[in-house]
Amino acid sequence: MNPAILVVDDQSELRLLVRITLQPLGKIATAENAEQARAHIARVPTRLVVLDVWLGAGQSGIDFCRALKSDPATQDIKVILLSANGNQPDIDAGMAAGADAYIVKPYSPRDLLVKATQLLH
Amino acid sequence: MLVAPLLPDEPRRLAVLLNLNILDTPPEERFDRITRMAARLFHVPIALVSLIDADRQWFKSRVGIALPESPRRTSFCTHAMLQDGVFVVEDATIDLRFADNPTVVDEPHVRFYAGYPIAAPDGSKIGTLCVIDHTARHFSDDDRALLRDLAGMVAHEVAASELQRHLRQQSENDTWLRGLLDNAPDGVMMLDENGLVLSLNPAAEELFGCTSAELIGRPGRSLMVETIEGISEGLRQGRAVTADGNGRRPDGSTFPLEFSVRTMRLDGELRYAAIVRDIARRREAEQAIIARDIRRSKYLATATHELRTPMASVLGFSELLMKREFDAKTGAELVGIIHAQAGVLISVTNQLLDLARIEAGGKGALRIGTHTLADLFTQALAALEPLGQNHRIALSIDPAAAPVAADPQRLQLALVNLVGNALNYSDGDSPVAVDVTPAPYRGMAGVQVRVADQGIGMSAEQVARLYDAFYRAGAKPGVAGSGLGMAIFKEITDLHNATVDVDSALGRGTVVTLVLPAAQAETP
């Protein structure tokens with residue numbers, strides 16, 4: 001079954017890290033920024049988005065998450081937010097935007113894999 | 001001999017006498033005139049203004065006696081002072097109370113004595129006016145009335161000198177107070193019960209930029225921009241109320257002001273006394289401290305962020321390498337990423353330390369010397385060499401450019417960050433032009449450093465955030481950087497009093513123009 005996972009991060013190393021981490025779940029698509037991610041989701045049915053909170057160039061993963069969750073066409077897509085900000089207010093903001101999980105960097109790949117597996121079942 | 005008893009209020013009486021500051025003062029005509037008159041009017045050889053001290057009587061004025069004082073024990077005047085009217089001894093030699101008194105038996109051979117008490121302004125008896133003769137005499141009612149009047153004149157003179165002393169003191173106080181108010185660095189104002197300005201000192205005039213005449217009669221409230229809450233409540237409770245806000249001059253301009261106001265009673269009238277002070281400099285300093293604190297806490301918060309990102313790679317890939325099987329090529333690639341990200345960690349850490357050092361040291365930590373931009377750029381280019389991009393730098397230095405006063409290590413670090421940014425945020429082949437030319441700096445000689453790239457450029461919003469630590473405008477993927485470079489650049493150029501101008505537009509590239517003051521020629 002096609003797990004339909006999309007990784008959105010402006011840093012190539014971190015995209016690679018998530019891609020390799022979630023490889024046991026199947027093939028994974030990547031996007032560098034919000035526009036690429038939006039284009040991909042419009043084209044390819046997607047079940048999980050692993051989304052960096054900091055997308056560079058002033059783009060916010062939180063805003064992108066909120067947009068996904070408030071659009072009936074995409075609101076069923078699960079979202080895992082990845083962030084270097086581990087303060088409770090940051091986590092609260094992420095969850096308020098509708099994220100299904102919030103993982104603080106640096107993280108253990110095993111934890112990300114477990115969380116992604118849970119959300120896809 | 002009968003010794004006169006003490007008056008019931010003796011301690012108080014003595015204190016009053018002492019406070020008059022009249023004992024042991026030189027003779028004064030205004031008293032001597034009265035004793036001379038008494039001696040003539042009553043045809044007596046001796047007339048005295050006698051003040052009764054603790055154990056002596058001291059003569060403020062005397063006719064017919066050489067000694068300035070005599071013992072209180074043997075004094076007739078002490079007896080006279082006890083009376084409310086005239087005290088008369090017509091013949092002391094046959095008066096049992098005085099017959100054996102040494103002043104009767106011996107010098108000055110008192111035989112007749114008449115005295116009338118002298119009272120201080122508060123009513124305390126302090127002594128007598130008395131007349132003395134060596135022969136027995138009769139003292140008629142007219143004589144008694146005359147003596148009482150003369151004693152009244154003495155009391156009047158005592159009161160007058162007391163009043164004069166008060167006035168003198170008052171005027172000294174007034175002079176002192178006036179001098180204090182005129183020269184006080186803070187503005188002092190008095191307001192009436194309706195809050196209208198009654199008077200003010202020169203410092204207050206200066207503060208509000210106008211004369212007393214222009215301010216008197218204005219509501220004190222109109223001199224403030226804000227309405228400060230709770231003033232009337234505090235004043236009602238009799239407290240001094242201190243607050244700060246902004247003062248408003250009659251010409252409409254405003255300035256940061258601190259004031260302190262309190263109610264007072266002046267001759268029964270309600271008044272407000274206010275002290276006003278310009279706190280522009282204090283507020284500026286406070287704001288600088290707040291800004292620095294905000295910047296620091298931002299450094300700290302974002303430092304955590306910037307360290308966690310490369311750490312995520314190091315931790316994540318190393319865990320994957322330990323737990324999963326990879327082919328040799330992928331394994332090598334992942335180790336390469338770990339190594340590179342560890343390098344980023346070190347570079348962020350180093351830059352954080354640089355920034356902390358520069359910030360903490362301030363101007364005091366600079367090691368200023370005279371250096372040419374040519375030397376500084378030679379070192380900066382050497383530091384940029386590892387990027388492998390130096391062939392893109394077109395450096396041109398006008399020989400007429402003067403040397404600058406700079407801390408070479410720090411200024412070179414600023415140039416490295418500036419040129420490094422230009423290289424990182426522009427395309428692989430596009431040139432970065434660096435031009436050093438003479439230029440005016442705030443009306444003096446200066447040196448201009450212009451760094452122009454043809455890179456991705458920045459929006460106005462991105463330019464505004466350029467110096468925020470960790471703000472990375474980079475839409476260019478794969479540009480590694482700590483986001484600290486321009487914050488470091490800004491700290492260092494500020495310490496060197498340089499002016500910086502950034503001209504940028506998205507897609508057009510960025511031009512940063514830095515002007516440094518030329519080093520002052522050293523006098524040999």
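Okay, housekeeping first. Residues are numbered from 1 along each chain as its sequence is written, and chains are lettered from A, and ligands numbered from 1, in the order in which they are written. Since the model is predicted, local features need pLDDT of at least 70 and side-chain atom pairs count only at pLDDT 80 or more, while totals for chains, interfaces and linings use all residues.

Let's begin with chain B as a whole. It has 14 helices and 18 strands; helices here are DSSP runs of H or I with at least four residues, strands are runs of E with at least two, and both are numbered from the N terminus. Of its 524 residues, 31% count as buried. Buried is when 20 or more other C-beta atoms lie within 10 Å of a residue's own, exposed is 12 or fewer, partly exposed is in between, and the C-beta atoms are placed from the backbone.

Now, where do the chains meet? The contact takes 18 residues from chain A and 18 residues from chain B, with two residues in contact if their C-beta atoms, placed from the backbone, lie within 7 Å. On the chain B side, helix 9 gives the most, with eleven residues. By class, that side of chain B has eight nonpolar, seven polar and three charged residues. For the classes, Ala, Val, Leu, Ile, Met, Phe, Trp, Tyr, Cys and Pro are nonpolar, Asp, Glu, Lys and Arg are charged, and the others, Gly among them, are polar.

Let's zoom in on one helix pair. Axes are lines fitted to C-alpha atoms, for helices over the stretch in contact, and angles run from 0 to 180 degrees between N-to-C directions. Which residues make the contact? From helix 1 of chain A they include Leu14(A) and Leu17(A), and from helix 9 of chain B they include Gly316(B) and Phe317(B). That helix contact has six nonpolar, three polar and one charged residues.

Next, the sheets in chain B. One is an open sheet of six strands, in the order 3-2-1-6-5-4, with antiparallel pairing. To pair, two strands need at least two bridges found by DSSP. The edges are strand 3 (69–71) and strand 4 (87–89), each pairing on one side only. Neighbouring strands are turned by 25 degrees against each other on average, direction ignored. Helix 5 (141–183) of chain B packs on this sheet, touching strands 1, 5 and 6 of chain B. Inside the sheet, strands 1 and 2 of chain B pair over six bridges, and Ile52(B) has Gln57(B) as its bridge partner in strand 2.

The other open sheet has five strands, in the order 13-15-16-18-17, with mixed pairing. Strand 13 (393–397) and strand 17 (499–505) stand at its edges with a single partner strand each, so one side of each has no neighbour in the sheet. Strand 13 pairs with strand 15 of chain B in the parallel sense over five bridges, and the partner of Ile397(B) in strand 15 is Val436(B). Helix 11 (373–384) of chain B packs on this sheet, and its direction makes about 165 degrees with that of strand 13.
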